[in-house]
Amino acid sequence: YHARHVQTYREQYHKASLATQFGKLRQTVSLQKTHAGEGTFLPREIFSTENAQDNASSSLPTKSIDLTTSVSSSNRLPPCPKDIAPPKFLWQDETAVALAHEHSVTLVTTDTTLETLLTQQHESWSIPLWWKDDVQLLDLPLPQPCLPRDCLSRGIEHAFRASAQQAPTETFRYLVLTVRHNHHLHQRLLVRTEANPSVRVHLEYFVERGWERVSSEERALWILDSLLGKTNQPHMARVDLDRVHKWESVGLAHALAQDDQDDHSSVQLNFRRMMVLLRAVQSMPVDGHHLLRFENYTVGVHLQDTQSTEIDVTGALDRADGVLLGQTALLKCAREWEWVHDRIENTFPISQ
């Protein structure tokens, strides 16, 4: 799936004639000092959404789709489809730009982009930032070489979405997301979300030995799904390479109901960093197209430049279909066990 996704993205990127050369670093946004803050984290008080289209509900499925029923009684995983729908970049989305003007919004992004901003702890990423008709477009992130766990999980999630999709046509919803940074500063942005059903997948490496702990980044995505209303009842499937072993209801409450306070703080930290980035993006000068590149808790901003090229998007896309298999990458795939009081950390539980 990852290789086909990269190929499709690369073809559409060049077909859309988007910028491929960016120059030296012109400014940075540091996330190193961002903290989770004190007090209870209540996403519904920080984020709120409203439909950007009066007829938005007409484009959605008329009834809720239970993704748990799309798997056979044997709990086998659905097959991954051979064809992948080509991405539609915000640069090509006239509806998004028109709605941005209608709702007085100056920053437009996608649910996929917000997901990327929430996964800053373990990945590097690059996101194009275009200017079009006085509107900022924080577009779809460039594909990157990925970890084995992420590669498999995304492919399985894509298979679930395809198996439950009612129609092959591409359908989007547009939401106005209000972010309350503090009592005096509110930020409004337009978010384009996919209307297809959503399911999260957690890949279990040793399912016969017990369940793994779900990371704070995965829990942050549950909150994002709830905020964007991507499904009536979010689910997470615990899977291995060929079957579903367990379905769990997930969402905002499940993500925050943690016994481990440190993990709770990490969920907050993911959102705080995303909020810092969204504020920084909207304050950037209107002087051309940019590429945002995240590495080591710092986001570098590169301006389009065909004369002094430091980042070549064409070369990056040619290398993006790789899967990272080094020792460091494999260690990042490891997860702790769900804690049991008589279990020794970093060991298998005793076989029953």
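**Entry 1: the sheet E8-E9-E10**

I began with an open sheet of three strands, ordered E8-E9-E10, whose pairing is mixed. Strands here are DSSP runs of E with at least two residues, helices are runs of H or I with at least four residues, and both are numbered from the N terminus. I counted two strands as paired if DSSP finds at least two bridges between them. Strand E8 (200-203) and strand E10 (244-249) each have a single partner strand, so one side of each lacks a neighbour in the sheet. From one strand to the next, the twist averages 25°.

This is a predicted model, in which local features need pLDDT of at least 70, side-chain atom pairs count only at pLDDT 80 or more, and totals for chains, interfaces and linings use all residues. Residues are numbered from 1 along each chain as its sequence is written, and side-chain values use heavy atoms, with hydrogens and water left out.

I then looked up the pairing of E8 with strand E9 (residues 235-239): the two run parallel and are joined by four bridges. Leu 203 has Val 239 in E9 as its bridge partner.

**Entry 2: helices across the sheet**

I noted that helix H5 (residues 148-164) lies across E8, E9 and E10, at about 140° to E8. Helix H6 (residues 216-228) lies across E8 and E9 and runs at about 170° to E8. The angles run from 0 to 180 degrees between N-to-C directions, with axes fitted to C-alpha atoms, for helices over the stretch in contact; contact means heavy atoms within 4.5 Å.

**Entry 3: strand E3**

I examined strand E3 (residues 107-110) and found both faces covered: Leu 107 and Thr 109 on one side, and Val 108 and Thr 110 on the other, are all buried. Buried means under 20% relative accessible area, exposed over 50%, and partly exposed in between, with a 1.4 Å probe and protein chains only. E3 pairs in the parallel sense with strand E5 (residues 135-138) over two bridges, and Leu 107 stands opposite Gln 136 in E5. E3 also runs parallel to strand E7 (residues 186-194), joined by three bridges; Thr 109 stands opposite Val 191 in E7.

**Entry 4: salt bridges**

I found eleven salt bridges in the structure, each being a side-chain nitrogen of Lys or Arg within 4 Å of a carboxyl oxygen of Asp or Glu. Arg 192 forms one with Asp 93, the closest N and O atoms being 3.0 Å apart. Arg 192 lies in strand E7 and Asp 93 in the loop between strand E2 (47-51) and helix H3 (94-102), 99 residues apart. Arg 192 is buried at 4% relative accessible area, and Asp 93 is buried at 0%.

Glu 94 forms a salt bridge with Lys 132, with closest N and O atoms 3.0 Å apart. Glu 94 is in helix H3 and Lys 132 in strand E4 (residues 125-132), so this pair ties together parts 38 residues apart in sequence. Glu 94 is partly exposed at 48% relative accessibility, whereas Lys 132 is buried at 14%. I also recorded a network of salt bridges that links Glu 204, Arg 238, Lys 246 and Glu 248.

**Entry 5: whole protein**

The protein has ten helices and 13 strands. Of its 352 residues, 49% are buried.
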